[in-house]
Structure formats: C-alpha cells, structure tokens
Amino acid sequence: MKGQKYLKVTSILMIIGGVIGIIAGIIAILGVSALVALTGSAEGTGLLYAGSIIVTVASVIEFIAGIKGLGACKMPQKADACIKLGIIIAVLSIVSMIVNVVGGGEFNVTSLILNLLVPGAYVYGAIQMKKDSQG
C-alpha cells in the first residue's frame with residue numbers, strides 16, 4: 001500500500017518537526033518576553049508574540065497529526081481526520097509566512113515550498129489510505 005508508506009514516513013517527520021517546533025516556539029515566546037523585560041516596553045512586540053504563538057500552536061497540531069497518522073496506518077478509517085489536520089497545518093504554515101512578511105521579513109518561494117512539502121505528502125498519503133480502505 002503506497003499510501004501507508006507515505007503516511008507513515010510523513011507522520012514520523014511531522015512528529016520530529018512538531019517536537020522541534022514546540023521547543024523553538026517556547027524559546028521564541030520566552031525570548032520575546034525577555035526582550036520586553038530588558039527594554040521595559042512591549043511596544044512593537046505584537047507581531048513577534050503572534051508569530052511565536054502561531055509557530056507553537058502549529059507545532060502542537062503537527063505533533064498530534066503525526067501521532068494520528070501513525071494510528072491511521074493501522075486503522076485506515078481514521079484517514080479523514082489526517083486529511084483535515086494536514087490541511088490545517090498547511091494553512092497555518094501559510095499564515096506564519098504572511099505574519100513573517102508583514103513583520104518585515106522577506107518572502108521566499110523555496111521556504112514556502114519546503115513548508116508545504118511534508119503536509120502535502122501527509123495529505124496525499126492519507127487520501128491514498130482512504131482510497132485503499134474503500135476499494
């Protein structure tokens with residue numbers, strides 16, 4: 001089953017990426033808080049907090065999706081939830097890039113493609129799992 005291989009590999013990648021993202025997001029939130037404490041002003045930190053929180057939330061969802069994806073490899077009827085989670089992660093990746101650009105960062109097509117590669121392959125694997133279970 002081709003879908004099962006895609007889903008399993010991308011689920012493991014999402015678990016690893018989710019853990020790394022959660023750690024990075026927490027460090028980013030603490031870093032912004034330290035910046036506010038050092039400067040004595042929270043002025044101009046709204047986008048920094050927003051970006052850090054989006055990264056952390058997306059990473060938690062990515063971690064959960066990875067675990068659910070591994071479960072769907074054994075129970076294909078759970079593939080629908082994986083498709084939805086994969087789409088949510090892709091949307092959050094796009095929102096994160098928009099916040100980055102609004103905050104003064106540069107838009108990078110390569111970064112966009114890389115950010116959507118694993119969620120896209122995850123959704124593809126889940127769709128294949130769903131098709132395999134139906135027919």
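Modeller: The buried residues of H3 pack against helix H1 (2–39), helix H2 (46–74) and helix H4 (109–134). This is a predicted model, in which local features need pLDDT of at least 70, side-chain atom pairs count only at pLDDT 80 or more, and totals for chains, interfaces and linings use all residues. Residues are numbered from 1 along each chain as its sequence is written, and side-chain values use heavy atoms, with hydrogens and water left out.

Colleague: How many helices and strands does the protein have?

Modeller: Four helices and zero strands, in the order α-α-α-α along the sequence. Helices (H or I, at least four residues) and strands (E, at least two) are DSSP runs, numbered from the N terminus.

Colleague: How do you know what helix H3 should span?

Modeller: The expected span is 1.5 Å times one less than the number of residues. H3 has 24 residues (79–102), so it should span 34 Å; its end C-alpha atoms are 35 Å apart, which agrees. After H3 comes Gly104, with a positive phi near 110 degrees.

Colleague: Which residues in H3 are buried?

Modeller: Among them are Ala79, Cys82, Ile83, Gly86, Ile89, Ala90, Ser93 and Met97. Buried means under 20% relative accessible area, exposed over 50%, and partly exposed in between (1.4 Å probe, protein chains only). An α-helix has 3.6 residues a turn, so residues three or four places apart point the same way. In the protein, buried residues make up 33% of the 135 residues.

Colleague: Why does Thr45 count as buried?

Modeller: Its relative accessibility is 5%, so Thr45 counts as buried. Thr45 lies in the loop between H1 and H2. Neighbours within four places in sequence aside, Thr45 is in contact (heavy atoms within 4.5 Å) with Val32, Leu35 and Val36.

Colleague: What makes the pair of Tyr6 and Tyr124 edge-to-face?

Modeller: A search of the whole structure finds one aromatic pair. Rings of Phe, Tyr and Trp (its six-membered ring) pair if their centres lie within 6.5 Å; planes under 30 degrees apart count as stacked, over 60 as edge-to-face and the rest as tilted. For Tyr6 and Tyr124 the centres are 4.9 Å apart and the planes at 80 degrees, so the pair is edge-to-face. Tyr6 lies in helix H1 and Tyr124 in helix H4, so the pair ties together parts that are 118 residues apart in sequence.

Colleague: Why is Tyr6 called partly exposed?

Modeller: Its relative accessible area is 37%, so Tyr6 is partly exposed. Tyr124, at 31%, is partly exposed too.

Colleague: What lines the second largest pocket?

Modeller: The lining includes Val32, Leu47, Gly51, Val55, Ser96, Val99 and Gly103. A pocket is an open set of points on a 1 Å grid over the protein atoms alone, where a 1.4 Å probe fits, with protein on both sides within 12 Å along at least five of seven lines; lining residues have an atom within 4 Å of a point. The largest share of this lining, five residues, comes from H2. The volume is about 180 Å³, where a volume is the space filled by probe spheres set on the points, which are joined across faces, edges and corners.
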